[in-house]
Amino acid sequence: MGQTMAVLSADQKEKAHFHPFFHNLFPDAIGYFPNAKHHNRSRKNGIQEYIFLYCLEGEGWIKINGKTIQLQPNSAFIIPQNTPHKYGSSLNDPWSIYWIHFSGNYAATLYNRFSTNANEAVKIAFDESRIKLLNEIIKLLENNLSDEKIEFIHFRLITFLSSLCYSNTLDNTIEDKISDSISFMKANLNQTLSIEALANQAFYSVSRYSELFKQKTGSSPIQYFIQLKIHKSCEYLNFTNLNIKEICKEVGFDDPYYFSRMFKKQMGLSPMQYKKHLANSI
């Protein structure tokens, strides 16, 4: 359920073969496999393309050059071309992965920039824009390839891979990482996230993450997350007819009574008092 993939047909390859962008960098196949419990591959001689594996959830493994590499959430690995390998999903905690087979004149350089250590997976900070890029490439490859689409796919793939390969050349300050963490919170307000999960997403220990987060915001991560949830619930009270139980679900509270206590603590009014006050002020 939810699996999607696009593979270049022989006709598509023949049509794209004469386009210079195709020879510089292009995906031969790309897909997303969620909760892929029995996903595994074994290639004694490898393949002609580079294989990019990006794990979003769950776990899996890659066997290459006599080593076993673990792939965990928010991590990725590129298998080089013509290299024997095996990989597969964990049976106990199946991975959800995006994968790309890509080749071209730029491929070796991008591989070398990304794979500074060929013996371990690369941690990747979660960024929704990257997921959007991958889904765009899949959708574009599902249709007939015009010259314009070949060029657009080429640039989309360069944008995605370069965001990973050259991340260290950008201004990657502590403040940026905490800002990314706050963005992650905003994107997951309907979830119950532990301090451990938030610290892991930011690639810090819990103690270091908490310290840096408070330096930037003046609040602990969990306090700030709850604050964001309450602000979002105010929007629902302002602009929708959702009841309290429905709002709780939207902002990740299992207990309406606990939600009401947190809401009153922050806003000075209960949710219902807040809604009545709002109605009287309009």
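This report walks through a few helices, a loop residue and a strand residue in the structure above.

It's a predicted model, so local features need pLDDT of at least 70 and side-chain atom pairs count only at pLDDT 80 or more, while totals for chains, interfaces and linings use all residues. Residues are numbered from 1 along each chain as its sequence is written, and side-chain values use heavy atoms, with hydrogens and water left out.

Helices here are DSSP runs of H or I with at least four residues, strands are runs of E with at least two, and both are numbered from the N terminus. The expected span of a helix is 1.5 Å times one less than its number of residues.

| Helix | Residues in helix | End-to-end C-alpha distance | Expected span |
|---|---|---|---|
| H5 | 19 residues | 27 Å | 27 Å |

Let's take H5 to begin with. Ile150, Ile153, His154, Leu157, Phe160, Leu161, Leu164 and Cys165 are buried there, where buried means under 20% relative accessible area, exposed over 50% and partly exposed in between (1.4 Å probe, protein chains only). They cover an arc of only 135° around the axis, which puts them on the same side of H5; the arc is that of the directions from the helix axis to the C-beta atoms.

Now for H8, where Tyr209, Leu212 and Phe213 are buried. Their arc around the axis is only 100°, so they sit on the same side of H8. Ser207, Lys214 and Gln215, on the other side of H8, are exposed. Just after H8 comes Gly218, with a positive phi of about 85°.

**How H3 meets H5**

H3 (residues 107–114) packs against H5 (residues 147–165) at an angle of about 30°, their axes 8 Å apart. Axes are lines fitted to C-alpha atoms, for helices over the stretch in contact, and angles run from 0 to 180 degrees between N-to-C directions. The two helices are therefore roughly parallel to each other (angles under 35 degrees; over 145 is roughly antiparallel, 65 to 115 roughly perpendicular and the rest oblique). Leu110, Arg113 and Phe114 in H3 meet Leu161, Leu164 and Cys165 in H5, with contact meaning heavy atoms within 4.5 Å.

**Asn74 and Val122**

Asn74 lies in the loop between strands S6 (67–71) and S7 (75–79), and counts as buried at 9% relative accessibility. Not counting residues up to four places away in sequence, Asn74 touches residues including Cys55, Val122 and Phe203.

Val122 belongs to strand S10 (residues 122–123) and, at 24% relative accessibility, counts as partly exposed. Leaving aside neighbours within four places in sequence, Val122 contacts Asn74, Ser75, Ala76 and Phe114.
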